[in-house]
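Reader: Please show me the model, then take my questions on its side-chain contacts and surface.

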Amino acid sequence: MKRISTATAFAVLITLCTDAQETKSNSIMGKPKISGYLIGQYQTSTQDNNNSNSFNIRYARLSVGGHILDDFEYKLQGQINGNTSTLGSSPRLVDASVEWQKYGFLKVKAGQFKLPFTFENPMHPIDMGFMGYGQAVSKLSGMSDRMGQHSSNGRDIGIQIQGDILTNTSGRNLLHYQVGIFNGQGINVKDADNRKNIVGGMWFMPTKGLRVGVFGWAGSYARNGIWTDRNGNEHSGTNSLSQYRYAISAEYRNTDWQVRSEYVHSTGYGFSTTYQNSDNQKDARVNWTQGNKADGFYALCIAPVIRQKLRAKARYDLYRPSAEWNNSRTQYEIGINYILHKNIELQGEYAFINDRSLACHNYSIVDVELCVRF
């Protein structure tokens with residue numbers, strides 16, 4: 001698997017950002033829009049033998065986007081915080097896509113972008129409102145995935161179609177669909193087994209702000225290396241692990257309210273190590289002890305205390321890495337989000353953690369984040 005050059009990606013990004021300030025709109029290509037966001041974080045944890053207390057730059061991203069010939073929308077986004085020692089860190093290319101948008105009922109996107117799986121995965125991390133995505137979303141939609149893939153922020157490389165159909169008498173769309181074909185290897189790497197992942201979903205919108213959906217995922221994740229099967233026989237070459245997943249989702253959103261819940265289930269083994277570089281890629285051992293099933297469920301509510309200014313929030317977040325209760329991890333979270341300005345938000349929360357895989361099951365996390373958009 002070949003990683004896209006970080007230096008090359010950001011050279012292109014910087015060039016586009018520089019040119020965008022001087023480019024004038026014309027009939028072929030509109031003036032590019034530069035945007036980005038920064039999330040600064042303070043977090044402390046009371047976990048036994050792993051206490052932490054640290055400031056951190058959770059995200060620092062810069063993007064360039066715009067339209068070509070009115071019918072095409074492009075986006076290029078890079079993550080610029082962190083270091084270059086591992087694929088899970090930064091800087092790196094996150095998004096690079098073009099979408100044909102001439103018809104609302106049929107849009108075609110190609111490149112590297114968010115996987116169409118769950119409601120929460122495609123959400124902006126500031127709009128999502130909590131210190132992290134739900135555990136089931138993080139572990140089962142290409143973020144810090146249980147199968148051992150490098151951190152890919154819920155994205156992959158491929159092509160997708162999507163659209164809205166069934167419009168009511170007031171002009172509001174009732175049904176949305178999206179489905180794509182992807183490499184299955186995460187961001188910035190080529191396919192390893194020539195098998196493709198099919199990922200997609202659809203949702204029904206019976207009233208304004210409410211949607212109910214289902215999602216599916218069928219494919220594989222692979223490495224070229226050495227591994228031992230369950231009978232103790234050693235193999236060398238491509239080890240391709242099948243993955244099958246589904247999600248059931250419901251959400252209500254308006255200007256101040258968010259009420260959302262999702263259940264995600266996964267079938268398929270993962271690798272023993274997380275892929276970080278070419279040497280690690282050769283480790284194709286399977287994590288047999290983890291099992292071939294996992295699931296998770298979360299339910300959250302963000303409600304206004306002062307309209308468009310102060311919001312209270314709570315979330316129940318469960319993840320079972322082996323679809324069993326003896327190693328389940330549950331987060332009980334409460335907090336507030338304060339909107340200082342339309343582009344500046346302060347988010348804080350307290351989380352009580354019950355992790356049955358640890359000798360001491362219970363501990364606490366306090367998280368405070370300053371979120372800035374530009």
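Predicted model: local features only at pLDDT ≥ 70, side-chain atom pairs only at ≥ 80, totals over all residues.

Author: Residues are numbered from 1 along each chain as its sequence is written, and side-chain values use heavy atoms, with hydrogens and water left out.

Reader: How many salt bridges does the structure hold?

Author: A salt bridge is counted when a side-chain nitrogen of Lys or Arg lies within 4 Å of a carboxyl oxygen of Asp or Glu. By that criterion the number of salt bridges in the structure is 14.

Reader: How many residues apart are Arg58 and Glu369, and which strands hold them?

Author: The side chains of Arg58 and Glu369 meet in a salt bridge, at 3.0 Å from N to O. The pair links distant parts of the chain, with Arg58 in strand 2 (residues 52-68) and Glu369 in strand 16 (residues 362-373). Strands are DSSP runs of E with at least two residues, helices are runs of H or I with at least four, and both are numbered from the N terminus. The separation of Arg58 and Glu369 is 311 residues.

Reader: Are Arg211 and Glu251 buried or exposed?

Author: Arg211 forms a salt bridge with Glu251, the closest N and O atoms being 2.8 Å apart. Arg211 lies in strand 9 (residues 210-228) and Glu251 in strand 10 (residues 234-253), so the pair ties together parts that are 40 residues apart in sequence. Buried means under 20% relative accessible area, exposed over 50%, and partly exposed in between (1.4 Å probe, protein chains only). On that scale both Arg211 and Glu251 are buried.

Reader: Which residues are linked with Arg211 and Glu251 in a network of salt bridges?

Author: Another salt bridge joins the side chains of Glu120 and Arg260, at 2.9 Å from N to O. Glu120 is buried, and so is Arg260. The residues linked in the network with Arg211 and Glu251 are Glu120 and Arg260.

Reader: How many disulfides does the structure hold?

Author: A disulfide is a pair of cysteine sulfur atoms within 2.5 Å. Cys360 counts as partly exposed because its relative accessibility is 37%, and Cys371 is buried at 1%. The number of disulfides is 0.

Reader: In which strand does Ile334 of the nonpolar patch lie?

Author: Ile334 is one of the residues of a nonpolar surface patch. Ile334 counts as exposed because its relative accessibility is 52%. Its strand is strand 14.

Methods:
Patch = residues over 30% accessible without salt bridge, like charges linked within 9 Å, V, L, I, M, F, W, Y side chains within 5 Å. Areas by Shrake-Rupley, 256 points an atom, 1.4 Å probe, with all protein chains shown as cover.
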